[in-house]
Amino acid sequence: MIRVHVLNVGHGDCILLELPSGRLTVVDINRSEKMDADSLTEVIQTWNPSGALYDRFLYGSGALDYKTLLQRAGYDIQLEDPIPYIKTLTQSPGNTDEAFRFISTHPHMDHLTGLSDLMRNVAMINAWVLPNSYTQELSKLTDSQKADWALYRSFRDDIQSTVKVVRPFARDTGNYWTEDGITILAPDPALLESEDESSDANGMSYVLLIQHGWSKVVLGGDAEKATWDYIVENHGADIMDIQLLKASHHGRDSGYHQPAVKLMSPKYTAVSVGKKPDCDASNKYRQYSDHVVSTRWHGTMVFDLYENGTIEFWPENDRCSNSFSMAMLGRVASL
């Protein structure tokens with residue numbers, strides 16, 4: 001069985017893969033105690049339209065704390081802290097006592113915030129970081145994010161010795177990721193070079209296929225049109241009829257690629273999102289996907305994929321019945 005955890009980290013990504021080998025894989029990280037301002041405003045206005053303005057005033061003045069603000073709106077989904085969640089998984093039966101690999105899909109901070117904390121608190125064997133020349137505007141980063149960016153650069157430029165840096169491309173094979181059923185769909189060197197020259201970090205994004213028997217998972221990172229064009233042309237047969245798709249670029253139109261999504265026809269499309277963007281493509285995904293689910297609506301989501309092709313969905317919060325999902329294994333049993 002493959003267990004996929006899509007953590008509720010607000011505007012960003014953190015995906016955890018529990019693989020049959022026991023090698024825990026962390027794909028991206030975004031660590032924050034609170035939603036970003038845009039996401040918080042949108043949630044409060046949606047859930048508490050009559051009292052939103054007053055409550056936002058109280059919150060801004062310090063008279064109302066963050067958790068109480070959400071509770072007054074009737075929105076009871078808190079952000080997930082990836083560090084304790086990951087540490088708990090490393091102690092689960094069948095898993096090794098460290099995370100085997102960290103995969104950085106691309107160098108945007110909503111996929112990198114908390115990287116320093118992760119490496120300090122969780123033993124990690126290797127990190128996947130592709131070479132690139134992307135730069136951050138340091139003035140826009142917090143002090144902790146500056147440390148995250150510096151660590152990322154040390155991996156990217158291979159100037160540290162604590163973690164083995166791995167740089168696989170599409171069509172590459174390696175003992176460990178091949179054994180774990182991981183296929184790198186994109187990028188290849190030419191695509192990476194092209195997107196790097198244009199400073200398009202989303203275009204550099206890893207897109208991964210994980211397969212266990214008849215079950216398939218595709219993790220889309222923040223891939224956009226050029227990447228999906230490449231995948232359809234070179235891996236069209238590989239991505240047909242999958243069980244789970246992690247929607248690219250937080251479910252935005254920019255990450256939606258109709259030919260690829262039609263080929264995949266996923267049973268579930270998972271969207272990791274804070275504020276629902278104006279360019280949200282959820283309805284487009286619904287044309288080809290049985291279920292489109294989001295962290296904004298369900299909180300942290302766990303998917304179990306079995307060798308025979310069946311999939312089970314365990315949401316932290318089952319909004320359809322407005323009840324806490326007691327079957328959400330990562331919460332009730334493991335955590």
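Trp-128 of strand S5 (residues 124-128) stands opposite Val-166 in strand S6, strands being DSSP runs of E with at least two residues, and helices DSSP runs of H or I with at least four, numbered from the N terminus. The model is predicted, and local features therefore need pLDDT of at least 70, side-chain atom pairs count only at pLDDT 80 or more, and totals for chains, interfaces and linings use all residues. Residues are numbered from 1 along each chain as its sequence is written, and side-chain values use heavy atoms, without hydrogens and water.

S5 and S6 (residues 164-166) run parallel and are joined by three bridges; two strands are taken to pair if DSSP finds at least two bridges between them. Four of the five residues of S5 are buried, so the strand is largely enclosed by the rest of the structure; buried denotes under 20% relative accessible area, exposed over 50%, and partly exposed in between, with a 1.4 Å probe and protein chains only.

Strand S9 (residues 215-219) has five of its five residues buried and is therefore largely enclosed by the rest of the structure. In a regular strand, side chains alternate between the two faces of the sheet. In S9 both faces are covered, with Ser-215, Val-217 and Leu-219 buried on one side and Lys-216 and Val-218 buried on the other. S9 pairs in the antiparallel sense with strand S8 (residues 207-212) over five bridges, and Gln-211 stands opposite Lys-216. The two strands form a hairpin with two residues between them, and Gly-213 in the turn has a positive phi of about 60°. S9 and strand S10 (residues 244-246) run parallel, joined by three bridges, with Val-218 opposite Leu-245. Together with helix H9 (residues 225-235), S9 and S10 make a right-handed β-α-β unit.

The chain comprises 13 helices and 16 strands. Buried residues make up 59% of its 335 residues, and its C-alpha trace spans about 55 × 45 × 40 Å along the principal axes.

Conventions
Right-handed = clockwise from strand over helix to strand, strands pointing away.
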